[in-house]
Amino acid sequence: MPSTFYIRRPRPQPPRPASPRRLRSRLVTGEVSAGERRRLAGVQGHGLSTGSTGVVPRLEQLLNMDTTPYTDKVIAEYIWVGGSGIDIRSKSRTISKPVEDPSELPKWNYDGSSTGQAPGEDSEVILYPQAIFKDPFRGGNNVLVICDTYTPQGEPLPTNKRHRAAQIFSDPKVAAQVPWFGIEQEYTLLQKDVNWPLGWPVGGFPGPQGPYYCAVGADKSFGRDISDAHYKACLYAGINISGTNGEVMPGQWEYQVGPSVGIEAGDHIWISRYILERITEQAGVVLTLDPKPIQGDWNGAGCHTNYSTKTMREDGGFEEIKRAILNLSLRHDLHISAYGEGNERRLTGKHETASIGTFSWGVANRGCSIRVGRDTEAKGKGYLEDRRPASNMDPYTVTGLLAETTILWQPSLEAEALAAKKLALKV
């Protein structure tokens with residue numbers, strides 16, 4: 001009788017559980033299952049309290065705690081612009097009671113030598129509270145505070161662009177024109193460890209542009225949760241956010257703030273940027289405002305600024321818009337120099353931009369320096385869109401300069417006539 005042979009097959013092994021350290025990193029993005037949460041709850045380490053409710057629930061309980069039934073004190077997050085002119089800094093302070101106006105808040109100080117704004121031997125910089133917003137992260141009566149920066153002697157720092165803008169907007173001629181701004185802030189989301197756009201294969205490229213603008217679907221839209229979270233947080237804070245959409249380059253988004261009047265436009269853009277930085281921090285994603293994050297056949301990132309005055313918005317305002325375009329053409333180089341670092345990589349005359357060295361305008365033309373909408377042309381009144389500012393522009397500088405050039409600055413009649421002839425404008 002032949003012998004019978006049996007082949008012993010290896011028993012299937014369950015997947016190896018993730019390490020506690022890896023689980024903690026995944027908690028931020030919400031990728032941990034209920035079972036993994038229970039397993040992590042029994043792990044000691046990293047200085048986090050553990051117990052029957054688990055590490056994260058106990059942290060979340062503290063983070064989401066409403067302190068109003070127990071104390072009148074609130075937390076004010078003082079926010080300012082650092083030495084690079086684009087970096088946002090902040091620190092927290094306890095205030096004895098809820099506040100409704102920045103004048104109720106004390107001035108404060110920080111170490112300017114650590115932000116590139118003061119020498120080490122005289123490093124104190126003074127923060128002046130200028131605008132307050134509800135804090136969407138701490139909730140309750142807690143606030144976010146936009147501040148600008150001064151020396152102890154009361155002189156504005158060179159990086160304090162708000163001070164000059166406030167002077168322009170307080171000029172009686174400018175105030176009488178009630179300048180409105182609508183700012184379109186574009187930004188790009190990057191994968192944290194590789195600095196490559198969100199949704200792109202690491203070291204590779206997605207398909208060509210076309211399917212991604214305002215798109216839906218897992219293969220076309222990358223970062224919608226961040227965009228939506230930012231949208232709601234801005235509404236909660238009291239920011240005049242008016243919309244959001246996915247942009248032409250995958251991993252790039254845009255939101256719009258406005259219409260805002262005068263200095264408010266800069267305050268709202270800076271606080272919205274701060275909130276976006278905090279949200280991407282929590283999501284483990286990097287935010288960049290680089291105007292051309294990826295070289296090649298990809299759209300850059302701008303901060304198109306829509307602008308109008310009271311005269312432009314009234315009947316016959318199109319003539320005033322054309323006068324403004326004349327003034328803007330004569331100060332093109334000044335505006336370009338103030339419209340953001342690295343903008344020359346974006347303003348190439350391609351990808352819906354005008355060439356950086358040439359001023360142009362047109363109706364419904366997104367390849368011009370200044371675009372006028374069809375609706376404005378048809379109604380004979382409305383607004384203009386300055387398409388030159390880069391995504392990393394300072395909103396105080398751009399809005400203040402637009403008001404100064406179009407309301408306060410007066411060109412010579414000869415220069416105006418030459419510019420009108422060159423631009424084919426009859427005013």
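Good morning. The structure is a predicted model, in which local features need pLDDT of at least 70 and side-chain atom pairs count only at pLDDT 80 or more, while totals for chains, interfaces and linings use all residues. Residues are numbered from 1 along each chain as its sequence is written, and side-chain values use heavy atoms, with hydrogens and water left out.

Let me begin with the chain as a whole. It has 13 helices and 14 strands; these are DSSP runs, with helices being H or I of at least four residues and strands E of at least two, numbered from the N terminus. Of the 427 residues, 48% count as buried. Buried means under 20% relative accessible area, exposed means over 50%, and partly exposed lies in between, with a 1.4 Å probe and protein chains only. The chain exposes about 22000 Å², and carbon and sulfur atoms supply 52% of that area; accessible areas come from the Shrake-Rupley method with a 1.4 Å probe, and for residues only the protein chains shown count as cover. Among contacts with a separation of 6 or more, residues 24 or more positions apart account for 63%, a contact being heavy atoms within 4.5 Å.

One residue illustrates such contacts. Ala76 lies in strand β1, residues 74-81. Ala76 counts as buried because its relative accessibility is 0%. Beyond its neighbours within four places in sequence, Ala76 is in contact with Lys91, Ser92, Arg93, Ile95, Leu105, Val143 and Val145. Leu105 is 29 residues away from Ala76 along the chain, and their C-alpha atoms are separated by 8.8 Å.

I turn now to the aromatic residues. The structure holds eleven aromatic pairs. Rings of Phe, Tyr and Trp (for Trp, the six-membered ring) pair if their centres lie within 6.5 Å; planes under 30 degrees apart count as stacked, over 60 as edge-to-face, and the rest as tilted. One of the pairs is Tyr128 with Tyr150, which is stacked at 3.9 Å centre to centre with 25° between the planes. Tyr128 belongs to strand β4 (residues 124-134) and Tyr150 to strand β5 (residues 143-150), so this pair ties together parts that are 22 residues apart in sequence. Both tyrosines, Tyr128 and Tyr150, are buried.

A contrasting geometry is found in Trp196 and Trp200, which form an edge-to-face pair at 5.5 Å centre to centre with 90° between the planes. Trp196 counts as buried at 18% relative accessibility, and Trp200 is buried at 3%. Together with Phe205 and Trp298, Trp196 and Trp200 form one aromatic cluster.

Rings also meet charges here. A charge sits over a ring if NZ of Lys or CZ of Arg is within 6 Å of the ring centre and within 35 degrees of the ring normal. The charged end of Arg278 sits over the ring of Phe137, 4.1 Å from its centre. Likewise, the charged end of Arg313 sits over the ring of Trp180, 3.8 Å from its centre.

How exposed is Trp180? With a relative accessible area of 37%, Trp180 is partly exposed. Trp180 is placed in strand β6, residues 180-191. With Val178 and Val261, Trp180 forms a nonpolar surface patch of about 230 Å² of accessible area together. Patches consist of residues with over 30% relative accessible area and no salt bridge; like charges are joined within 9 Å, and nonpolar side chains (Val, Leu, Ile, Met, Phe, Trp, Tyr) within 5 Å.

Finally, the salt bridges. A search of the whole structure finds 18 of them, each being a side-chain nitrogen of Lys or Arg within 4 Å of a carboxyl oxygen of Asp or Glu. Asp135 bridges to Arg138, with the closest N and O atoms 3.6 Å apart. Asp135 is buried at 1% relative accessible area, whereas Arg138 is partly exposed at 29%.

Asp315 and Lys381 meet in a salt bridge at 3.0 Å, N to O. This pair links distant parts of the chain, 66 residues apart: Asp315 is in the loop between α8 (310-313) and α9 (317-330), and Lys381 in the loop between α11 (374-379) and β14 (384-386). Asp315 is exposed at 67%, and Lys381 is partly exposed at 28%.

Within helix α11, Glu377 and Arg374 are three residues apart, so about one helical turn separates them. Their side chains meet in a salt bridge at 3.6 Å, N to O. Thank you.
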